[in-house]
Amino acid sequence: MSDEGIKHVLEVLACGHQSKATQELFLREFFRIIEETGKTFEVMRLQLPVINFPLMKVVFEDHRTYASPTAASAKESLWQSLEEDIIPSHSVMKTNWLESQPKILPKKYKESNVCVAGEAIKVDISLKNPLQIPISISNVSLICKHSTEYDDTESDANGHLIEYQNNKEFRAAVSVSGDFSLETSLFTLSEVDISMRGGETILVQLTVTPKIEGSLKIIGVRWKLSGSVVGVCNFQSDIVRKKVAKGKRKPKQSVKDNLQFLVIKSLPRLEGVIHDLPTTVCAGDLRRLTLELRNPSKISVKNLKMRISHPRFLNVAAQEVMNSEFPSCLEKQASSSQSCSQVDDAKAKNSVFVFPETVASSWETPLRWPLWFRAAASGSISLYITIYYEMEDGSSVITYRTLRMQYNLEVLPSLEVSFQTSRSPSRLQEFLVRMDVINKTASETFQVHQLSCVGDQWELALLQPIDSVMPLKFLMAGQALSYFFKLKNHRTRGSTEDDISSLATSGRADVSLLDSDSPGLFDASIPPLNLFHHQERVHQERHKQGHGSTVDFILISKSWSDSSAGLPRTTKVFSHHTCHCRIASNSPIWWLMDGPRSVGHDFAAAAFCEINLSMTIYNNSEDAVSVRINTFDSTPSVNLVNPGASSSGDEVGWHQTSNPSEAKVTSPDVTGTRVGKALPTESVSPFIWSGSSSTRVNLEPLTSVEVPLQISVFSPGTFDLSNYSLHWNLVPSSGNEGGRENDSRVSSGTCNGHSYHITVLQKE
């Protein structure tokens with residue numbers, strides 16, 4: 001049987017329209033005839049199996065190396081944006097660094113891919129069985145040509161490689177027809193054996209590893225069908241080239257263009273792994289991890305740099321953290337200073353970590369460095385880490401390399417935390433805070449440990465004993481709790497935004513949510529809590545609308561992992577950060593009326609009573625404010641003591657009664673004001689504001705002023721002194737008038753008066 005006959009029969013067998021029984025009959029009879037001949041036949045473009053060229057992918061490493069297949073499959077544009085600030089600038093490099101050897105390399109190799117001796121080139125090939133019956137494929141491997149000289153010879157257009165078989169120069173370097181030797185003096189090939197079900201598609205990965213410098217071509221792939229027929233596919237002729245119309249842009253680099261390589265001498269290649277990084281974790285989980293870098297080469301590397309794509313999730317720790325116990329290293333120390341560890345904004349935005357100059361990775365000992373991890377938000381997250389390093393031996397055309405690492409993790413919901421703040425009605429710069437915590441997990445149990453306010457101007461205290469809030473001391477799955485706190489602002493003029501965002505709490509803004517016998521508080525002013533809080537402030541940043549302070553909260557909780565296989569239980573720490581909670585309205589001013597609540601006066605001896613009051617106004621903004629107090633003498637909604645009034649059924653307010661049992665219970669109307677007995681139109685107001693009806697004061701940023709006020713009361717009763725208003729205007733600082741145009745805040749406004757009730761009684 002001739003080769004042409006074999007080829008023709010196989011083309012008939014590959015027809016998928018025949019029935020399964022017919023395919024089994026033809027294939028069984030065909031293999032019987034082949035076995036009787038005692039020969040092994042080679043067939044070009046054998047369609048059993050079919051190679052899907054559009055799905056073919058070539059993965060190799062030049063100055064870019066990958067820690068895992070997932071990192072190699074990520075988009076190149078993503079890695080380029082991550083490495084933009086750490087690799088050498090293109091302005092100091094040649095457009096193509098192969099131009100450094102223009103006389104040595106032929107022109108065609110300046111466009112070649114570059115690989116390193118001793119490092120594998122991987123080719124993913126998609127194979128499909130066109131038949132309805134299973135087939136057996138063995139000895140699948142690449143066909144490669146490697147030369148220590150920069151050879152310009154092209155393979156035959158028809159894909160036959162017989163000329164290489166007769167050429168002594170290439171005989172040991174090329175896998176030729178009928179030659180399944182995987183080990184040569186110039187490269188090493190991998191091979192796989194597969195069994196394919198009817199109609200099945202399989203993706204196989206084949207590798208070639210060049211051993212020495214030179215030029216390498218991946219020419220094709222070969223395999224054995226049922227151990228009898230050798231299939232050969234030549235990529236050079238079988239990959240269809242895209243035609244480019246005249247005047248149109250050249251298409252992207254095809255797979256064929258990725259099959260020619262310039263092999264350079266062996267280089268150091270770092271291997272990296274992050275130990276104990278979870279694949280599934282609950283939101284807020286805070287951990288210490290370890291980055292380990294190994295250098296199998298005996299050539300050391302230097303100038304190590306690292307950049308992380310999501311510093312909100314992963315941050316670099318100080319090296320001394322490696323020797324500390326976690327999480328006890330986060331607890332407050334009795335001897336610790338009250339100063340805060342400030343976060344450098346520029347360094348945090350750059351997110352490039354430069355390893356100390358004393359750190360170098362050699363083959364003798366691996367490099368281990370601690371990392372902080374926090375599951376910042378729920379969802380599917382991909383973390384990308386790139387590590388840049390330079391060769392100690394700078395003689396290679398590649399002077400630096402990057403190690404690219406990718407980790408995918410799933411973050412599940414844990415605690416949902418929300419805050420509501422309201423101003424205290426009786427004290428300036430004091431607020432009431434409500435914290436709601438809901439356990440969103442299906443089975444996790446948490447111990448709510450502490451609440452901290454960010455900034456040294458805050459003082460936080462619980463309003464009720466902790467035992468009344470959480471008698472069981474644990475927050476079960478699906479359970480919700482509410483806590484109430486008193487928050488006081490100690491901010492004064494001269495404090496800066498850095499002071500506000502700092503985590504130096506001086507102990508006033510840390511509240512334990514456990515009993516007194518529980519362990520100590522965590523220090524929110526040290527890494528990693530301050531590092532991750534800085535990232536949360538940036539992520540949760542809101543455009544400035546309105547005036548006044550905002551406050552940040554950090555809720556810290558604990559959980560314990562189940563002990564298994566005799567291992568002790570481990571403590572998990574969770575931190576939830578809520579930033580930019582506004583504690584003031586759109587007005588930059590706060591004020592408080594102060595004075596007597598009850599006054600006695602003999603109206604028979606004197607027609608009116610003068611009562612002195614004071615109003616304290618506080619400017620909560622960082623701009624100077626001009627405030628005008630306007631008072632109104634119109635008749636207010638009051639309850640008058642009218643001795644001559646009869647006790648009618650629809651009469652409300654203060655009135656004379658003959659019997660206490662006849663007193664009526666008053667109720668407010670829909671507007672919230674009490675309906676009193678109408679005064680005669682000719683009567684005067686029961687009280688008036690004495691002195692000027694308009695008072696203006698100027699306040700510097702974060703300062704307060706006390707304004708004296710006075711009213712004159714003409715009859716007994718209870719009066720609501722809310723018939724005033726405060727009109728405010730921002731006063732721009734000198735040289736900042738132009739900046740006001742881009743300020744989204746309102747520059748002026750009017751605030752209505754707060755209710756302040758005073759009772760005037762007839763003195764006997």
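Student: Which residue of S28 stands opposite Cys-453?

Tutor: This is a predicted model, in which local features need pLDDT of at least 70, side-chain atom pairs count only at pLDDT 80 or more, and totals for chains, interfaces and linings use all residues. Residues are numbered from 1 along each chain as its sequence is written, and side-chain values use heavy atoms, with hydrogens and water left out. S24 and strand S28 (residues 550-560) are antiparallel partners over six bridges; strands are DSSP runs of E with at least two residues, helices are runs of H or I with at least four, both numbered from the N terminus, and pairing requires at least two DSSP bridges between two strands. In S28, the residue opposite Cys-453 is Phe-553.

Student: To which other strand is S24 joined by three bridges?

Tutor: Three antiparallel bridges connect S24 to a strand formed by residues 510-512. Leu-451 faces Val-511 there. That strand is S27.

Student: How many of the seven residues of S24 are buried?

Tutor: Buried means under 20% relative accessible area, exposed means over 50%, and partly exposed lies in between (1.4 Å probe, protein chains only). Strand S24 spans residues 447-453 and is largely enclosed by the rest of the structure, because its buried residues number seven of seven.

Student: How many of the eleven residues of helix H11 are buried?

Tutor: The buried residues of H11 are Leu-529, Asn-530, Phe-532, His-533, His-534, Gln-535, Glu-536 and Arg-537. Helix H11 (residues 529-539) is therefore largely enclosed by the rest of the structure, and its buried count is eight.

Student: What is omega at the cis peptide bond between Pro-527 and Pro-528?

Tutor: Pro-528 belongs to the loop between S27 and H11. A cis peptide bond also joins Leu-48 and Pro-49, with omega about 0 degrees, and Pro-49 sits in the loop between strand S1 (41-44) and strand S2 (50-59). For Pro-527 and Pro-528, omega is about 5 degrees.

Student: What distance separates the C-alpha atoms of Val-627 and His-727?

Tutor: Val-627 is part of strand S33 (residues 624-631) and counts as buried because its relative accessibility is 0%. Beyond four places in sequence, its contacts (heavy atoms within 4.5 Å) include Ile-589, Val-697, Leu-726, His-727 and Trp-728. Val-627 and His-727 are 100 residues apart along the chain, yet their C-alpha atoms are separated by 5.7 Å.

Student: Which backbone oxygen lies 2.7 Å from a polar atom of the side chain of Asn-619?

Tutor: Asn-619, in strand S32 (residues 609-619), is buried because its relative accessible area is 0%. Its side chain reaches the backbone oxygen of Leu-699 at 3.5 Å. The backbone oxygen at 2.7 Å belongs to Asp-623.

Student: How many residues are in the largest nonpolar core?

Tutor: A nonpolar core is a set of buried Ala, Val, Leu, Ile, Met, Phe, Trp, Tyr and Cys residues joined through side-chain atoms within 4.5 Å. Ile-125 is among the residues with the most contacts inside the largest core, and beyond four places in sequence Ile-125 contacts residues including Ile-51, Leu-142, Val-221 and Phe-235. The number of residues in this core is 45.

Student: Is Ser-226 buried, partly exposed or exposed?

Tutor: Ser-226 lies in the loop between strand S10 (214-225) and strand S11 (229-234). Its phi is positive, about 55 degrees, although the residue is not a glycine. Because its relative accessible area is 33%, Ser-226 is partly exposed.

Student: Over which residues does pLDDT stay under 50 with five contacts beyond four places in sequence?

Tutor: pLDDT is the predictor's confidence in each residue, from 0 to 100; the protein averages 79, and 72% of the residues score at least 70. Residues 152-178 stay under 50 and have 65 contacts beyond four places in sequence. The stretch with five such contacts is residues 240-251.

Technical notes:
A polar contact is a pair of N or O atoms within 3.5 Å; within protein, one must be able to donate a hydrogen and the other to accept it, and residues adjacent in sequence count only if both atoms are side-chain atoms.
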